[in-house]
Amino acid sequence: MTIRGDTLLYGVVGNPIKHSLSPVFQNRFFKTFGINAIYVPLEVDKSQATKFLKNAGYFGFRGLNVTLPYKEIALKVAKHVDKHAKEIGAANTLRFENGEVYAYNTDWIGVLKSLDGFCNPKSVLVLGAGGAAKAGIYALLNIGAEVFVWNRTASKAKTLCSKMGCKAVRSVEEFIKSVDLLVNATSANLDAELFNYDLLSEKVSIFDMSYRQTKLLKFAKERGCNVKDGLDMLIYQGIESFKIWTNLEARYQDALSAINESGY
Ligand code: NAP
């Protein structure tokens, strides 16, 4: 692709952002459809995040993905907010048009599509109460699951649950045996032990939103649990964002090939 005067500009905003795989597959989508556009990683300082997200359209951006820790800010700067982003309380996709900011959440669709064919849970324990957890809870409630939430800062789980209609719990150990799916939506380090992993049994499926190998996934695999990492969620949320910007349906397989070729 040749970068020209009329090359369209997209990107992903977060901090840190160097680990992001979104540029790898979003650029592949543009190439596949023959669109002269570029999608870049943008590590924006906290002090400038609100200003940047509010004004990116004036600097030529057509669309942005927004990731940790700016999804709540992305929601606040938008004049037009999609119903799902509003209910979730976080936005991961922005579209800029005629000086106005439009916000969407596609993470919850990423969760729904990831669970399709993996697990049809009746009761779920979600770890975390940040933007990704909220999208996951929204998706799970949408498919009629009973949702329990544990968070390191318990008060955040309580507030979130009273808004969304789930149940905050104080102890993972107490609930792990009574659910059929455990979702890790924390940003804890890959080697963190969030609870006593000896309690994992093959009766519980594990969905870890991280797309790197966590200690939780490693333990769960060893225990014979049905496990899924966050790679499919990442790809599916990205396909939905691409559709919002272009009205085009990108292919899962294109994203996966681009990611595999990148040496991930
Ligand atoms: P966030 O809004 O910053 O929330 C982070 C959450 O993790 C909070 O609930 C926080 O608890 C908890 N946490 C952080 N460190 C912890 C620790 N050491 N022990 C226990 N809990 C801890 O982040 P987010 O946007 O929700 O992202 C969460 C994770 O999901 C990240 O790993 C992110 O990469 C992943 N994610 C994946 C996808 C995908 O497409 N696969 C999409 C979105 C996010 P406190 O409230 O106590 O601080």
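1. Let's start at Pro 69, which sits in the loop between strand S3 (61-66) and helix H3 (71-77); helices (H or I, at least four residues) and strands (E, at least two) are DSSP runs, numbered from the N terminus. A cis peptide bond links Leu 68 to Pro 69, with omega at about 5°. Asn 15 and Pro 16 are also joined by a cis peptide bond, with omega about 5°, and Pro 16 is placed in the loop between strand S1 (8-14) and helix H1 (22-32).

2. A word on what you're looking at: this is a predicted model, where local features need pLDDT of at least 70 and side-chain atom pairs count only at pLDDT 80 or more, while totals for chains, interfaces and linings use all residues. Residues are numbered from 1 along each chain as its sequence is written, and side-chain values use heavy atoms, with hydrogens and water left out.

3. Now the overall build. The chain has eleven helices and twelve strands. Its radius of gyration is 18 Å, close to the 18 Å from the globule rule for 264 residues, so the chain is as compact as a globular protein of that length. (That radius is taken over C-alpha atoms, and the rule is 2.2 Å times the number of residues to the power 0.38.) Along the principal axes, the C-alpha atoms fill a box of roughly 60 × 40 × 30 Å. Of the contacts with a separation of 6 or more, 60% are between residues 24 or more positions apart; contact means heavy atoms within 4.5 Å.

4. On burial, 52% of the 264 residues are buried, using a 1.4 Å probe and protein chains only: under 20% relative accessible area is buried, over 50% is exposed, and in between is partly exposed. In general, nonpolar side chains tend to be buried together in soluble globular proteins. Here the largest nonpolar core has 31 residues, and Val 126, Leu 140, Leu 181 and Phe 207 touch the most other members. (A core is a set of buried Ala, Val, Leu, Ile, Met, Phe, Trp, Tyr and Cys residues joined through side-chain atoms within 4.5 Å.) Elements supplying at least two residues each include helix H5 (107-115), strand S7 (123-127) and strand S10 (181-184). The top contributor is H6, with six residues.

5. Is Lys 134 buried or exposed? At 15% relative accessibility, Lys 134 counts as buried. Beyond its neighbours within four places in sequence, Lys 134 is in contact with Glu 72, Ile 88, Gly 89, Ala 129, Leu 160 and Met 164.

6. Asn 98 has a positive phi of about 50° although it isn't a glycine. Asn 98 falls in the loop between strand S5 (93-97) and strand S6 (100-104), and is exposed, with a relative accessible area of 73%. Asn 247, not a glycine either, has a positive phi of about 65°. Asn 247 belongs to the loop between H10 and H11 and counts as exposed at 70% relative accessibility.

7. Last, Glu 249, in the loop between helix H10 (231-246) and helix H11 (252-261). Which residues does Glu 249 touch, not counting those up to four places away in sequence? They are Phe 33, Ile 239 and Lys 243. Phe 33 and Glu 249 are 216 residues apart in sequence, with 9.8 Å between their C-alpha atoms.
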